[in-house]
Protein chains: 4
Amino acid sequence: MLNVGLLGAGRIAGVHATAISSNPESTLVAVSDINAAAAEKIATGYGAQMRDTDAILNDPAIDAVLIATSTDTHSDLIERATAAGKSVLCEKPVDLSLARAQACQKVVAANGKPVMIGFNRRFDPSFSALKAALDAGEIGKPELLSITSFDPAPPPVAYVKVSGGLFRDMMIHDFDMANFLMNAAPVSVSAVGTSIVDPEIGAAGDVDTAVVTLTYADGRIAVIKNSRRAVYGYDQRVELLGSEGLLQAQNMLENTVVKSTTAGVTGARPTFFFLERYMPAYTAEWAAFVDAVNGGSAMPVTLDDGVAALAMAEAATRSVKSGAPVRLDSLGV
Amino acid sequence: MLNVGLLGAGRIAGVHATAISSNPESTLVAVSDINAAAAEKIATGYGAQMRDTDAILNDPAIDAVLIATSTDTHSDLIERATAAGKSVLCEKPVDLSLARAQACQKVVAANGKPVMIGFNRRFDPSFSALKAALDAGEIGKPELLSITSFDPAPPPVAYVKVSGGLFRDMMIHDFDMANFLMNAAPVSVSAVGTSIVDPEIGAAGDVDTAVVTLTYADGRIAVIKNSRRAVYGYDQRVELLGSEGLLQAQNMLENTVVKSTTAGVTGARPTFFFLERYMPAYTAEWAAFVDAVNGGSAMPVTLDDGVAALAMAEAATRSVKSGAPVRLDSLGV
Amino acid sequence: MLNVGLLGAGRIAGVHATAISSNPESTLVAVSDINAAAAEKIATGYGAQMRDTDAILNDPAIDAVLIATSTDTHSDLIERATAAGKSVLCEKPVDLSLARAQACQKVVAANGKPVMIGFNRRFDPSFSALKAALDAGEIGKPELLSITSFDPAPPPVAYVKVSGGLFRDMMIHDFDMANFLMNAAPVSVSAVGTSIVDPEIGAAGDVDTAVVTLTYADGRIAVIKNSRRAVYGYDQRVELLGSEGLLQAQNMLENTVVKSTTAGVTGARPTFFFLERYMPAYTAEWAAFVDAVNGGSAMPVTLDDGVAALAMAEAATRSVKSGAPVRLDSLGV
Amino acid sequence: MLNVGLLGAGRIAGVHATAISSNPESTLVAVSDINAAAAEKIATGYGAQMRDTDAILNDPAIDAVLIATSTDTHSDLIERATAAGKSVLCEKPVDLSLARAQACQKVVAANGKPVMIGFNRRFDPSFSALKAALDAGEIGKPELLSITSFDPAPPPVAYVKVSGGLFRDMMIHDFDMANFLMNAAPVSVSAVGTSIVDPEIGAAGDVDTAVVTLTYADGRIAVIKNSRRAVYGYDQRVELLGSEGLLQAQNMLENTVVKSTTAGVTGARPTFFFLERYMPAYTAEWAAFVDAVNGGSAMPVTLDDGVAALAMAEAATRSVKSGAPVRLDSLGV
């Protein structure tokens, strides 16, 4: 039984609390948050204790911590938790600063405890089935990857100002998906972006619609499309053309009802947003973490993966500004 | 080159005239109709002559006739044309009277010329692909067949009064489809029907919605559903469960556009009616007839097939009235 | 908080234990089973006690019992539990004997406690969305209902001998679905059946493939297709033709991956069987029961619904033997 | 009746000959080709005469010519035909040289006869329905366009050497589709390409896989993906995200059969290549030309459209070499 401390008590922390509690091999022991009431609520709901973060990190009975706090605390908490001997699952991104994340890598390597980064989409049943089919050679050699990732509605401009921008808070998932599926980092990153959905996002220095093209050393190409607004729901699709076929992971729909009328043939919308779409992925992600810790095996998503995606976000941010491709090796990665 | 006379100049005759003319191995020579203007119009449009039926049947230069006149003339014209030495493609049904159709069978057998009945759906690309997959053993042994066949809108009550009713004018296509796919005639026919779409159809002695269950000597079962009204378009689907899988032929849609909005995910409607859906089938049907005549091979759909479907329509008509299953052998077939 | 006793500790009882425990408004207090080890295992897994059935029924602290024992005990336990003042959710069918189920109805009416029958499919997200669209008038007046319900593989013959047969153990769900969607009981039931999947099922006096046609007083028609074997997975579909359109609830697939190769365009199979397909339905079913008990409102599926479906199963069993339709009023319902 | 001369007798000329002949308002009068046998064959098949090009251009009874010769002759023939007073439909591209095409524009303007360029995909039922839905405001304001266009198999390297390369012979259709749907020319063109399908294509100086990103003055973005090889068939899809929804035009499949087995749920492949997919588009394209000539209305696709797409191909060719975006205004367009 893995005893777990949860750092953070926001919405995503609640999702993780459910996953921890429903897993027969892990127990939620304690929750901390700067908002004590929020921590108390989760603790009560799952038979855990509300504590402060130090108390959690210093408790030798706690084997692992799940970090679901604000992004600016991730690197510090990863370092402190691993120093305290805990296994760590940390929400993405590792940090907004590539340099800080790289420093964290070094500390973690020294501390010698495993760290997993929460790229939950790798555990989505459809994306993982696509990856399995790819690895089984079902479409031969992959050549051209396309990732479509649209949110249902743009976030408040206030969020955009602190999130690190679209490439670091949103497309970072897609960068990791590209790395996961292409099994390699790209050589160059070329981005175009616009604030066509909400000009205030542009005024805040960010984009809300972007297309990023990645090129690989062996000639493969990937393209990622992001939009902050798809009014019909959360649009999360992947397609990969290979030498012997095409693999697509399509959207989950709310249900399977189809209505045919004089207006056409209408099915349900895609599931609304990430909580609806990715709940099974969060559960599977946690199970994979528990299995890796208990089995002493390698983390299925590593801190290196987190840094690699962050470097791509940094490159895309620079490319959209300069209007030219950015080589990843120019960022020291 | 097959020289062809066309008997009839209504809407379906026009479809056949196009198929005859566009086929490189057949030429439309002459057209007859009790409505001379209609015959003249088709003749002009396709470089043929308007003649009367006798002149067509007596012309030794005409190899084949296509009968697309009203149903009550089919048996007579089949007999006269084969007596005159013509190969014949006749629209369904052979006759409204099973006894008359059976008499026609005898005359045709004596005349020794090939007769094909126009069950065009056998030549639809999807239904013929389904049949090919079945024959290739792709779902093992067939066990349970379902046919859905809905018209977009009910016909005028005046038509219903002379058409022989839903089972003879509409479901007869589905009876033939069952015979085509099951490769056997059923043992018994059990029908329920209602005039829920248009009570005037009920007042005229017919039904507009019906479900017919067919049982086979070897234990297989088929079910056919008909409705005179599907406001979303022509609904023509088949599915067949076998020991190793399921085959479905789904509807043709008007186009492949899909629109996702807050209202859901909407595709195009099915093609509107039989002219839109089955135009490729009419072309392929004619080509199969030409090939059979030119090659001296067996007709792909025979007069016997026409009589078999008619017998099932007769049985269904009796069953819906008696409320009990009707054995086909009780009809002398 | 609703304190719950679980009677039975088999596979489906485990499903219910999960639903009870994960619902924030109910607590699993005790479990009983003739197999003490099975009861102990569930009790341990969910923090409950293993007790015998009498102890559960006599415990005034237990508000409700969920009956998931073998079918032959259902009526007795429903009567005893309601006599003991418990609210009851009982798995289907109420009984194999229509007369016994009707007697149970009278006892329950006298005991005055609410009883819900576990027709879980009403709570499936797709079927409930279809029902909501129907009730909202989205396809006008319903006219023709089709239910397809195929299991992935036939049960052991030993099961068939005690289950009451296909109509009582399998199609009973579809009878209830018809009642749910048509909002009325049919007038007559006409069934054909065959043991084409497994002749030993036929030797045991049952069928493994069946088509049942239902007619309604107002002219509507329903048709239900069952097969014990669909090798591609659990096939659970409904379609309903109305005066203004068609509603279909299609299968849930294992994932959304689509692979295009020279062999065609291939998607995932339907979810394997009822546990995979209907887990969300079991959770929603339990939530509906808790809401009804806590709110003092009518049960969403009643004992009367259970008896109505059982009567249809009885009628179908008679019809498949006699080869003639059976009127429900001939069964005294 | 429009009397038509056909210049060229290759495969695509045969497609056009069928469209001309089956259109009730046009007649194929004469065919020319440097390969006299090929011209003779088409002429015979459609009741036309084999002539040389001069004879066709000088015949005052010929109203229009359809140019389906090799690309290097297009500009000259457009100029000569319009000088001879003919209306012209010319296959794409106008020329491989942007400068030559621009010179042709000037000559045509002086000659004053209408010229249509054969961007047949605008007349595809699905793409034209998507455009109609867009123009009807069904997804609000367009923001992000994606075009997927994969051929089933790469052409011979010999073809690539004379075709002008992927951007001029293949993606030029997609450039026109972008112009058609976005209703504006882009500001900049950014291309990446690789010869991952066939290294010999790379050795010949071309790419076989490419992604092109287009940016527009108002902030919109388009991305085009091309591959010379999709083993599953001709993959021709468009999707357009707008402020109020998403429009997608999906592939045409060979038929509607779906097979469910233990291997999954398999549908038919996309139609094989452009002749199968776009035959209805060629027919509609010709009808639109005839309507425009007869009605004296503007050509639905103009020579300017042809030059605009060619400029984008030129820009993409430069971008893929330089590794940087190319502004269209830098090309003098």
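User: What rotation superposes chain A on chain D?
Analyst: In this predicted model, chain A is superposed on chain D by a rotation of 180°, with 0.0 Å of shift along its axis and an RMSD of 0.0 Å.

User: Which residue of chain A has the C-alpha nearest the axis?
Analyst: That residue is Ala324(A), whose C-alpha is 2.9 Å from the axis.

User: And what share of the contact residues of chain A recur in chain D?
Analyst: The share is 100%, and the same surface serves both copies.

User: How many residues are in contact there?
Analyst: On the chain A side there are 28 residues, in contact with 28 residues of chain D.

User: Which elements of chain A give two or more residues to that side?
Analyst: They are five strands of chain A: β7 (142–150), β8 (188–194), β9 (209–215), β10 (221–227) and β12 (245–249).

User: How do the residues of the side of chain A that touches chain D divide by class?
Analyst: There are 14 nonpolar residues, 10 polar ones and four charged ones.

User: How many residues does the contact between chains D and C take?
Analyst: It takes 11 residues from chain D and 11 residues from chain C. On the side of chain D that touches chain C, the elements giving two or more residues are β13 (257–261) and β14 (264–267) of chain D.

User: Which of them gives the most?
Analyst: β14(D) gives the most, with four residues. By class, the side of chain D that touches chain C has four nonpolar, six polar and one charged residues.

User: Do go on to the strands: parallel or antiparallel, how does β14 of chain C run with β14(D)?
Analyst: The two strands run antiparallel, and three bridges join them. Within this pairing, Val265(C) stands opposite Gly267(D).

User: Now chain C itself. What is the strand order in its open sheet of six strands?
Analyst: The order is β3-β2-β1-β4-β5-β6, with parallel pairing. At the edges stand β3 (49–50) and β6 (115–118) of chain C, each of which pairs on one side only.

User: How many bridges does β4 of chain C have with β5?
Analyst: Strand β4 (residues 64–67) and strand β5 (residues 87–91) of chain C pair over four bridges in the parallel sense. Ile67(C) stands opposite Cys90(C) in β5(C).

User: What about strand β11 of chain C: how many of its residues are buried?
Analyst: Seven of the eight residues of β11(C) (residues 235–242) are buried, and the strand is mostly covered.

User: Which strands does β11(C) pair with?
Analyst: One of them is β7 (residues 142–150) of chain C, which pairs with β11(C) in the antiparallel sense over eight bridges. In that pairing Phe150(C) stands opposite Asp235(C). Another is β12 (residues 245–249) of chain C, joined to β11(C) by five bridges and also antiparallel. There, Glu239(C) stands opposite Gln248(C).

How values were computed:
Residues are numbered from 1 along each chain as its sequence is written. Chains are lettered from A and ligands numbered from 1 in the order in which they are written. This is a predicted model: local features need pLDDT of at least 70, side-chain atom pairs count only at pLDDT 80 or more; totals for chains, interfaces and linings use all residues. Two residues are in contact if their C-beta atoms, placed from the backbone, lie within 7 Å. Ala, Val, Leu, Ile, Met, Phe, Trp, Tyr, Cys and Pro count as nonpolar, Asp, Glu, Lys and Arg as charged, and the others, Gly among them, as polar. Two strands pair if DSSP finds at least two bridges between them. Copies are superposed by least squares on the C-alpha atoms of residues with pLDDT of at least 70 in both. A residue is buried if 20 or more other C-beta atoms lie within 10 Å of its own, exposed if 12 or fewer, and partly exposed in between; C-beta atoms are placed from the backbone.
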